[in-house]
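Hi,

Here is the structure I promised to pass on to you. Have a look at it first, and then read my notes below.

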Amino acid sequence: MRLLFITSNRLGDAVLSTSVLRHYVETYPGIRVTVACGPVAAPIFKAVPGLERIIEMPKQKRGGHWWKLWKSVAFRWWDIIVDLRGSATAYVLPGWKRVVLKGNDDSVHRVEQLARLIGVDRPLNPKIWLDTEHSERARALLSKTDKKVLAVGPSANWGGKVWPVDRFVDLVSRIREPSGLLPGAHVLVVGAPNEIVAAAPVINAIPAQERTVIFGGESLLTVQGCLEMSSLYVGNDSGLMHMAAAAGVPTLGLFGPTREENYAPFGAATSVVRTDLSHQEIWQNGADWRSDSSLMGGLSVDKVFNAAKKLLTREADQS
């Protein structure tokens, strides 16, 4: 049985879509999988069970990336074609079953919408599969500490979603202090390569021997391995936040101009904290998508710290 799985260019959406891929992999043992997605998201699929091929789809003029995809897969029979980008491609390929997402439903979380799309009553949590190579590399990166690991994602792909960096500095300090949530914790700071300058104040506030910094230079699967070794992740609404949730670690997402109803980290060990203003109020007050200025100023360090404390307490009570 062969599956063609067409998913997002964006890392966060691609991570959420793994809930669908997980359903097919676990429902049909031995299924052979081809994934088509954007270059940024492609690495998270490299250890999918039964993977035959990953087709990267960088955007091209006049939809050339769809023509390239069609040429790559049109001469093979597909038992299942899943197209989560709503294109016409699924309808012009030889196959038996077609599942096509035609648009977003803002009344439910994206993972719940995807579950309904494939006829599943209870959605599976997103999952990023790891292999031995990247698990061992993650252990090597964090081998210099025997402390618990606090992972933070102080950046994002749009400045409006970014909590002020000085507040991240304060939060990390409070969590790590002797009476904090994770006393003396080793800090894993993660982000995209082009975000390291924005995250520099957080990095520089932590002694070099007490931090591990990954902004490119390592595979996303290695990052995932590091996240799985963490005791807490706190970060802006981003693909890395969804990766942390998929790793199963306590994950606290920070929200303001985006909707947690649709994009909260998904999983049993997750929570969100948002600005005092609602998503709707932020936009009614004149927020502009074209601006890169933070819209997260209405979220205090106290509020985030207390939310992290509540999350860790809840997880300890359930363990």
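**What turned up**

Let's start with a cysteine: Cys226 is buried, with a relative accessibility of 0%. Cys37 is in the buried class too, also at 0% relative accessibility. Before you go further, please keep in mind that this is a predicted model. As for bonds between cysteines, the count of disulfides comes to zero. In case the term is new to you, a disulfide is a covalent bond between the sulfur atoms of two cysteines.

Next, a helix to look up in the viewer. H8 runs over residues 239–246, and eight of its eight residues are buried, so the helix is largely enclosed by the rest of the structure. If you want to click through them, the buried residues are Gly239, Leu240, Met241, His242, Met243, Ala244, Ala245 and Ala246. After H8 comes Gly248, and its phi is positive, near 85°.

Two helices, H1 (11–27) and H3 (110–117), each give at least two residues to the lining. The largest share, three residues, comes from H3.

Now for the aromatic rings. Searching the whole structure gives eight aromatic pairs. One of them is Trp283 with Trp289, which is stacked: the ring centres are 4.6 Å apart and the planes are at 25° to each other. Is Trp289 buried or exposed? Trp289 is exposed, with a relative accessible area of 54%, because anything over 50% falls in that class. Elsewhere, Trp67, Trp70 and Phe75 make up one aromatic cluster. There is also a charge over a ring to look at: Arg174 lies over the face of Phe305, at 4.5 Å from the ring centre.

Cheers

Terms used: Residues numbered from 1 in each chain as written. Predicted model: local features only at pLDDT ≥ 70, side-chain atom pairs only at ≥ 80, totals over all residues. Heavy atoms only, no water. Helix = DSSP H or I, 4+ residues; strand = E, 2+ residues; numbered from the N terminus. Phe/Tyr/Trp six-rings, centres within 6.5 Å; stacked < 30°, edge-to-face > 60°. Buried < 20%, exposed > 50% of the residue type's maximum accessible area, 1.4 Å probe, protein only. Lys NZ or Arg CZ within 6 Å of the ring centre and 35° of its normal. Disulfide = S-S within 2.5 Å.
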